[in-house]
Amino acid sequence: MAYQPKSYRKFAATTATAAMVASAVAPVASLAAGFTDVAPQYKDAVDFLVSTGATNGKTETQFGVYEQITRLDAAVILAKVLKLDVDNAKDAGFTDVPKDRAKYVNALVEAGILNGKSEGKFGAYDNLTRVEMAKIIANAYKLEKQNDNALPFTDVNATWAPFVKALYDNGVTSGKTETSFGAYENITRGDFAQFVYRAANLDVAPEVVSVSAINAKTLKVTFNKAVDDTKAKFEVKKGSVTVNVAKTTFSADKKSVELELASKLFEGEYTVNVTGLADQALTGSVKVENEKVAKIELLGEVAPINAQNKKQATVAYRVFNQYGEDITKSPLASSISWTASNGVDAQDDDKGVLTLTNTSDFKTGDKVAITGINVSTNTVVSGVVTISDASATDTVEFVGIYNKDGKEFSGDLAVGDFVLLLNAKDQYGNDVNASKVNDDVVFTSSNPSVLTIDKAYDGQGKDKDKIGLKFTAGPNYANGGKVIITAISKTSGKVAQFEVNVKAAPALDTFTLGTPTEIVAAGEKVKLPFTAVDQYGNTVTKYEALEGKVTFNTDKAKLVKDASGNAVLEYTAPDTKGLQVLVATVVGSGKVSQLTIDVKEAAYAATIESLKNVTTTVAKDGKVEISLSNLVVKDQYGRTFDLKDKLTNTENGASLGRYKIVVTDSENGAVKVAGAEITANDGKITITGLEKGSEEVTFKLQRVEKIAENTYKFKDVATSPLKVTFNTVDKSAFTSFEIGEIGKLYADGTKSTHAKALKVYGVKADGTKVELPSNYYNVIVDSNVLTFTDGKLDVKLDAETDKDKFGTKDEITTKVTVIVEGEEDPVTLTKDIVVSKVKPKADKIEFTDVVKNGTASIAVADLTDENDAADLSAVLKVTDQYGVEIADPAPIITVTNIKEKTVDTDPAQRFKVDRNGSRTVDIQNVEAGDTFTVTYLLDGKTATVKFIVTE
């Protein structure tokens, strides 16, 4: 828990002074070094107590960190830390406190920080417990709880809880364990020192002590105390320009932070502003120079002869900046001027290698003096090298396996993603490159069935500065295994070895069938739960990882891929009820899982539960239409039952098990039912209001059943009837009337594609709206603009031929007037109607019911035409700005995120998209299991669907 400054916390005048606050800063010198028993975790706390003069330890060399502290010793130390006015404190009257130390106890009692064990006894030589410590420190530093969360400690009773919580919330102390504070255990001198130190430092305002440049891109900010790294925010500025910080790294003790900048430091003053730690920003700055060459080193006293050209020899060098960083390959190091003695020419490659060229062959033992000068900084290096035998790789040291993502070497990953990093040096101790390693070193694999050797490459590892040995996969690579890589120098015979452990590729080990969470009814397809686990105990969910790895004892079960690429187990129940045994066997491990499935009786439409989106109040002479979509039907298991495509009007064998909906009224004269059966998807029944009153209407299901051989008959489904009361009202029921919402009309002339129904409502006192029959009102329109026919408003104007009537505007406004015959007087209603000449375009793109959770299925057969746009667009439901559905929309279709179930080795046979991003897109070479995403673009509107290809 971080230590947080509390601006409201103040010491009472008797318990704190300016001197005390000043001394509460983290100690400036490590005084604890004089004590041999002070472990690192106690050092800062002991330093603090010693620096305040509160204690000198038990002896010259022992602080007594692990000894228990008495109440008297704790009182003396705390009084000294707080700088209390001990000489003028009132005598508390304790008889067990020595006279020379009584003043410290008196001062604490007078300040209200502690009291005695009894009226005349302080308990001076009793050991201090942890809860007593909590009370004393909470009182001394006026600590308060910071939240209402309950303490996690079960051994702290209500008496001590407020003090323990005050320390706990402020980060001064934690428990002995997660649930135990160690309430009545005696506290040691070291722990007491820590708690006092933490409490004292809570009120020390954080400050930036220094800002320094520690390398060419990094500033280090040092604070006077540990700070909360979760709250600190940093801004780096050079003049008025803000410099981007690429990485922030706090030290373990939170007393400093390194700010790695996005670019190198340039000459000038950098200012660091720290917010979030105090009311005002903390600031520090540092002046830096441009990066420069500060040191050049020759890396050896010998220069090996070039084996192919004996007139040449080489010696390595390194260049460092003012921060000690290697900048040999930096452009800064490219301006070094080299000279050599005895007529030898010296040229460097700007990468750390200096080539010496003589007019004749070098001889072993020749001496050459070399001088290198960086003129811009006057940095000089000089030395004498001895010409030596040609360089050869002498030693190889393996560093370890490297993968850029930190993955473990595994047989399911590309072998090329792993390299064995190594260091190689010649006989003179100089680094050699990969080319020389490949020439001079023999590499062998102890298990070529898993890994064989490719060769060494430069530029490997995180910083691309290592040599890396690469491999090729052996025939058993996927099975993994241990491989010993051996390197043998051809020149020195020195041997190095490294053990590479390739983890076997994850393989399915167990496949456990789970009990279905839903009813399994005969003839239905359901999803069965399962758990798949590999040999490492990891859960396997992806379809590709399970495909072909599990077999079932029936073709009724199969794994399919869902929209997320996960495997789903589908089970198609047989057509008859009964117990079914499903067995799953893992290919490879042979492990079996068995599930007994209780297949229930086939589902049938058992009840009409309710009506939806239907008004049960109808005006006299008014009508209410009810269609299949208005009926909520449930099966015998209480599940929604879809009657779509399950209706019929004939009694024959082909219709066996099909339904019709029969509607009847009670014939009391309030309403009349017309078209009293629904026998097709688009069927409707009409309920007409006759006379004021109420009447019960019954909706029931009938099902075609077999009566005798070749004899079928509709029979009532006994549990199905739904009785609904419809109310007919006359004009006296309405308190007002209104015209329904019409919206904008399109000027399409004689086409009438955008005609809209005009509805007029009577409004009851309770706000209920009842649609009025047309004989209740008359409609009047401007006949130059609108027509009203068969209950619909339409525009006579044509957007093109009548565009002059719109003038410079795209829209004109006309009125529709409705005169309603009220109970006593007529009521006139008017409504403004906006007519637009703007051509219809897509305003809303939605999807049909086949799209679920953004995913749809499409059969292979639907993607065999030269133009697949129509089949891909069949999932769309598009409406224009007038609210009218656009038939056969033709969007621009773009296919992306293609994932093939299998990737054919012949590129010509792979998944292919012709004319992508057009209205005539053509998808080729698909197979069941492929997935792809389609983005539709229509009139600036977009929508996206993921498709799964099915058989």
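**View 1. Val 583 and Gln 594 are bridge partners, the latter in strand 31.** Strand 31 and strand 30 (residues 578-586) run antiparallel and are joined by 8 bridges. Strands here are DSSP runs of E of at least two residues, helices are runs of H or I of at least four residues, and both are numbered from the N terminus. Two strands count as paired if DSSP finds at least two bridges between them. This is a predicted model, in which local features need pLDDT of at least 70 and side-chain atom pairs count only at pLDDT 80 or more, whereas totals for chains, interfaces and linings use all residues. Residues are numbered from 1 along each chain as its sequence is written, and side-chain values use heavy atoms, with hydrogens and water left out.

**View 2. An open sheet of 3 antiparallel strands has the order 27-30-31.** Strand 27 (550-552) and strand 31 (592-599) each have a single partner strand, so one side of each lacks a neighbour in the sheet. On average, neighbouring strands of this sheet are turned by 25° against each other, direction ignored. Axes are lines fitted to C-alpha atoms, for helices over the stretch in contact, and angles run from 0 to 180 degrees between N-to-C directions.

**View 3. An open antiparallel sheet consists of 4 strands in the order 17-18-21-20.** Its edges are strand 17 (393-402) and strand 20 (451-460), each pairing on one side only. Strand 18 (residues 419-426) and strand 21 (residues 466-473) run antiparallel and are joined by 3 bridges. Opposite Leu 421 stands Gly 468 of strand 21.

**View 4. Ser 445 belongs to strand 19 (residues 441-445).** A polar atom of the Ser 445 side chain lies 2.7 Å from the backbone oxygen of Leu 451. A polar atom of this side chain also lies 3.2 Å from the backbone nitrogen of Asn 447. With residues up to four places away in sequence not counted, Ser 445 touches Leu 451, Ile 453, Val 483, Ile 484 and Ile 485 (contact: heavy atoms within 4.5 Å).

**View 5. Helix 3 is mostly covered, with 10 of its 11 residues buried.** Buried denotes under 20% relative accessible area, exposed over 50%, and partly exposed in between (1.4 Å probe, protein chains only). Among the buried residues of helix 3 are Arg 71, Asp 73, Ile 77 and Val 81. Just after helix 3, Lys 83 adopts a positive phi of about 60°.

**View 6. Helix 2 (residues 40-51) spans 17 Å from its first C-alpha to its last.** This span is close to the 16 Å expected for its 12 residues at 1.5 Å a residue, the expectation being 1.5 Å times one less than the number of residues. Tyr 42, Ala 45, Val 46, Asp 47, Phe 48 and Leu 49 are buried in helix 2. Gly 53, which follows helix 2, has a positive phi near 80°.

**View 7. The largest nonpolar core has 65 residues.** Such a core is a set of buried Ala, Val, Leu, Ile, Met, Phe, Trp, Tyr and Cys residues joined through side-chain atoms within 4.5 Å. Leu 78, Leu 108, Met 133, Tyr 141, Phe 192 and Val 196 have the most contacts inside this core. At least two residues of the core come from each of helix 2, helix 3 (71-81), helix 4 (99-110), helix 5 (130-140), helix 6 (161-169) and helix 7 (189-201). Helix 3 provides the largest share, 8 residues.

Conventions:
Polar contact = N/O pair within 3.5 Å; in protein donor to acceptor, adjacent residues only side chain to side chain.
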